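Here's a quick briefing to read with the model open beside you. Have a look first, then work through the points.

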Amino acid sequence: MAAVFRTCAHTGLKVHNQAERLIKVHAVAGVLSILFGGIAALLVLLTRWPAVHLLDPTNYYRALTFHGMNMLIFWIIFFEIAILYFAGPILLGSRVAWPRIGWVGFALMAAGSILIDVAILQGGADVMFTSYVPMRAVSHFYLGWILFAVGALLGVCNFFATLVVARAERTYEGSISLVTFGGATAAIIALVTLAHGAIIYIPTWLWSMGYVQNIDAGMYRLVFWGLGHPSQQINVTAMVAVWYLLATLTVGAIPVNEKVCRTAFLLYILFINLASAHHLLVDPQLSPAWKVWNTSYGMYLAVLASMVHGMTVPASVEVAQRRKGLSKGLFEWLAKAPWGNPSFAALVLSITLFGFMGGITGVTFGAEQVNIISHNTLRIPGHFHSTVVAGTTLAFMGLTYYVVPLIWRRAVVWPRLATFQAYAFGLGIMIFAGGMTTAGSYAVPRRHWDVQFANSIFQPPVEPAAYLFLGVMGIGGLLAVLGGALYVVITVVSVFFGKRIPDVAGAVPLAAVPQDTGKHTPISGTLVLVFVFLAAFIIYYFLNWKWLSDIWLVK
Amino acid sequence: MSIQTLKGVWWKKVDPSEKVWLGIALLWCLILFAMMPLWHLKGGQNPSFETYRTTAAMFQAKVDALVQKAKVGEEKGIPVIAPDPKEDVYMLGRLWQWSPVLKLKKGQTYRLHLSSMDLVHGFSLFPLNLNFMVLPGYDYVLTITPTTSGEFYVVCNEFCGIGHHTMVGKILVE
Amino acid sequence: MADKEEQKEKVPLAQAFFDNIFLLLVLGIVVPVVFYTIWGLLEIASIPLAK
Ligand code: HEM
Ligand SMILES: [Cu+2]
Ligand SMILES: [Cu+2]
């Protein structure tokens with residue numbers, strides 16, 4: 001089968017038709033998943049909002065399991081594999097190494113996700129996406145996990161194989177691009193993740209059918225989180241790669257220093273996966289030494305990496321803008337940025353919310369002792385909706401508005417609505433996650449149908465403030481659901497009915513990359529912003545230790 | 001450009017304006033790390049690592065023996081015990097109940113053993129917000145000192161089936 | 001011309017290391033598997049029985 005290529009008129013990239021098709025199917029499956037997960041999000045949201053309390057317990061737990069699986073696992077991983085087919089073959093101008101394997105992988109992922117969704121909707125898997133043993137689901141739920149993980153693994157291997165092919169066939173000289181390097185980082189993390197998935201789900205599947213007698217609950221939690229948490233680290237890494245990509249597409253940014261950016265990715269490769277320990281900090285089966293070392297990603301070096309990216313991405317935007325002449329004062333570059341471009345709006349909101357909300361809360365709750373006052377309360381979903389939703393999902397949404405014109409070669413319908421979509425989703429999640437995290441600091445549990453404990457033998461008194469913040473969560477959540485629904489509608493309508501874009505340069509407006517003047521361009525605006533960030537971080541971090549010191553003594 | 005392959009050398013010197021942030025960020029990360037061992041040395045709230053393997057039957061027997069010895073009443077069908085701080089205190093979680101109810105004294109230190117008879121549960125002291133995991137097969141010993149008095153509740157905060165939200169126990173401190 | 005000269009420049013060792021994705025892959029597997037998984041499993045295996 002000879003590879004068929006086209007050259008993209010807008011970017012000059014050489015595009016293998018198999019890569020393009022694989023991107024399309026993975027992206028479609030991703031958007032379908034976010035649609036399913038989004039419907040469940042609305043139902044779960046309206047149940048956790050005490051003023052509404054929509055579903056009955058069974059349906060709430062079922063919808064929550066469905067939401068977690070479709071969002072966290074299906075939407076994110078389908079989209080990530082699509083990104084790998086872009087960052088590998090397309091950015092290197094290479095063919096996909098194994099097109100057939102690519103399709104087999106996709107088919108396995110699709111089959112796995114269908115099996116899981118069916119199991120949940122049948123009522124056979126009301127176990128949450130974590131399915132902690134000895135809680136048991138029907139066996140095709142675990143089989144679905146195995147198929148999905150193996151399928152994703154094939155997609156990842158295809159990426160590595162493509163790197164080899166591109167090098168052997170000399171489609172490029174020198175080093176791979178920064179975005180490809182970020183993709184490779186995500187792929188490395190993914191291999192570790194999916195391997196843990198196989199290690200834990202194969203025995204659990206056998207156990208669900210009665211072939212294995214007993215699976216230790218502590219061991220399950222350890223290995224499961226070797227799957228569950230790193231899959232979030234793939235997100236983070238893919239998101240950062242998308243930040244660099246969007247900065248280039250929207251304002252023509254160039255990484256300020258490749259060495260700094262790539263070293264930060266290297267720190268992810270080495271250390272980020274240790275943070276699976278975040279979930280086990282108040283578990284009985286592991287020692288403080290293990291907890292402290294792993295939860296800190298080996299002395300917080302992966303946090304350092306995120307703090308570096310959080311500086312280098314805005315700095316690259318600042319440099320590009322200043323070189324275009326927007327260099328008055330500290331912030332003209334930012335004030336005159338393309339705020340009306342949905343992808344730029346998504347980029348800025350993604351960086352800001354990921355850093356200020358997701359990052360700060362994550363590192364704080366992940367301190368071994370502070371976890372005592374956070375674990376399994378609403379603080380935790382509050383935290384991760386600011387990382388994986390406000391951060392990753394929003395970045396992926398921003399990217400979609402380039403995937404549609406460049407890959408589908410259709411114009412995005414209603415571009416102004418798309419801009420509104422990005423803001424609505426970002427601000428909605430900000431309010432939602434802020435309300436949720438704060439409600440959690442009043443000990444309101446996560447995964448819990450009844451904030452008032454009306455049906456239990458004892459009725460603990462709940463702080464009135466907790467209800468207030470759950471209301472904030474509800475309102476923000478509605479705005480986010482609106483933003484999410486618009487995303488699905490705009491994307492689907494554009495793909496089917498958007499105006500076809502002619503293959504001529506300039507038909508898709510891409511930001512020009514300004515000339516390198518050879519002189520150093522200041523990044524003073526960015527430096528101000530990152531120090532504001534650091535101040536917020538320090539305050540929130542130590543406030544939590546103060547709150548911790550107010551509870552009972554325990555050791 | 002972030003999407004172009006790079007020819008030649010990109011391993012170049014870092015500008016001082018970036019170095020400032022790199023240095024300060026690294027310093028902050030080391031502070032973040034230092035806080036945890038420091039709190040183990042000086043702080044009053046640390047996760048315990050006194051853990052034993054057990055079984056539901058073994059643990060139930062210990063709870064029963066303690067209830068026999070220290071029972072002072074009953075609330076909603078659950079025994080209430082007032083244990084002596086010198087002896088070990090046992091509390092079990094099962095679908096969907098925490099047992100027994102504890103009556104503790106403020107300022108006294110207790111060795112509280114937690115285990116589950118069936119699925120994974122979450123021990124959340126409400127409304128104080130102190131959380132630990134309770135796993136079947138593990139006897140987790142928390143050495144706790146109540147520093148406030150009043151009525152406290154044990155809310156299960158790990159999903160444990162359809163009755164999860166009804167699983168609430170009680171601890172009284174006087 | 002300028003381009004060609006650049007290519008002849010010697011690539012620093014550090015840069016070559018970053019270009020070797022498969023070496024990075026091995027490191028990225030070994031570090032978490034040793035510190036997180038194996039260390040964790042060893043601790044779980046050595047928990048004593050309750051008296
Ligand atoms: C439209 C926006 C969204 C809304 C309003 C929303 C709302 C919620 C709510 C209310 C919960 C329940 C928390 C609880 O009861 O414990 C939840 C859980 C969760 N959400 Fe979302 N969500 C949204 C989008 C997303 C996205 C995009 C993702 C992933 C990429 C995601 C991942 C999760 C996960 C993993 C859980 C935890 C499930 C569990 O505890 O097993 N959500 N969400
Ligand atoms: Cu429970
Ligand atoms: Cu529960």
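Predicted model: local features only at pLDDT ≥ 70, side-chain atom pairs only at ≥ 80, totals over all residues.

Residues are numbered from 1 along each chain as its sequence is written, chains are lettered from A and ligands numbered from 1 in the order in which they are written, and side-chain values use heavy atoms, leaving out hydrogens and water.

**The copper site in chain B**

- Four protein donors sit 2.0 to 2.5 Å from the copper ion (ligand 2): B:His121 (ND1), B:Cys156 (SG), B:Cys160 (SG) and B:Met167 (SD). Donors here are N, O and S atoms within 2.8 Å of the metal (3.2 Å for Na, K and Ca), and water is not among the atoms, so sites may look incomplete.
- Angles among the four donor atoms run from 96 to 127°, making the site of ligand 2 tetrahedral (for four donors, all angles between 85 and 135 degrees).
- Read along the sequence, the donor residues of ligand 2 follow the spacing H-x34-C-x3-C-x6-M.
- B:Cys156 and B:Met167 are both buried (under 20% relative accessible area, with a 1.4 Å probe and protein chains only).

**Around ligand 1**

- The shell of ligand 1 holds 26 residues, and A:Arg48, A:Tyr60, A:His67, A:His385 and A:Arg447 come nearest; a residue belongs if one of its heavy atoms lies within 4 Å.
- Oxygen atoms of ligand 1 make polar contacts (N or O pairs within 3.5 Å): a side-chain N or O atom of A:Arg48 is at 2.9 Å, and a polar side-chain atom of A:Arg446 is at 2.9 Å.
- For A:Arg447, a backbone N or O atom lies 2.5 Å from an oxygen atom of ligand 1.
- Helix α2(A) supplies the largest share of the shell, seven residues.

**Chain A overall**

- Chain A has 16 helices and three strands, counted as DSSP runs (H or I, at least four residues, for helices; E, at least two, for strands).
- Its radius of gyration, taken over C-alpha atoms, is 23 Å, close to the 24 Å from the globule rule for 555 residues, so chain A is as compact as a globular protein of that length. That rule is 2.2 Å times the number of residues to the power 0.38.
- Of the 555 residues in chain A, 67% are buried.

Key. Tetrahedral: all angles 85-135°; square planar, octahedral: opposite > 155°, others 65-115°. Buried < 20%, exposed > 50% of the residue type's maximum accessible area, 1.4 Å probe, protein only. Polar contact = N/O pair within 3.5 Å; in protein donor to acceptor, adjacent residues only side chain to side chain.
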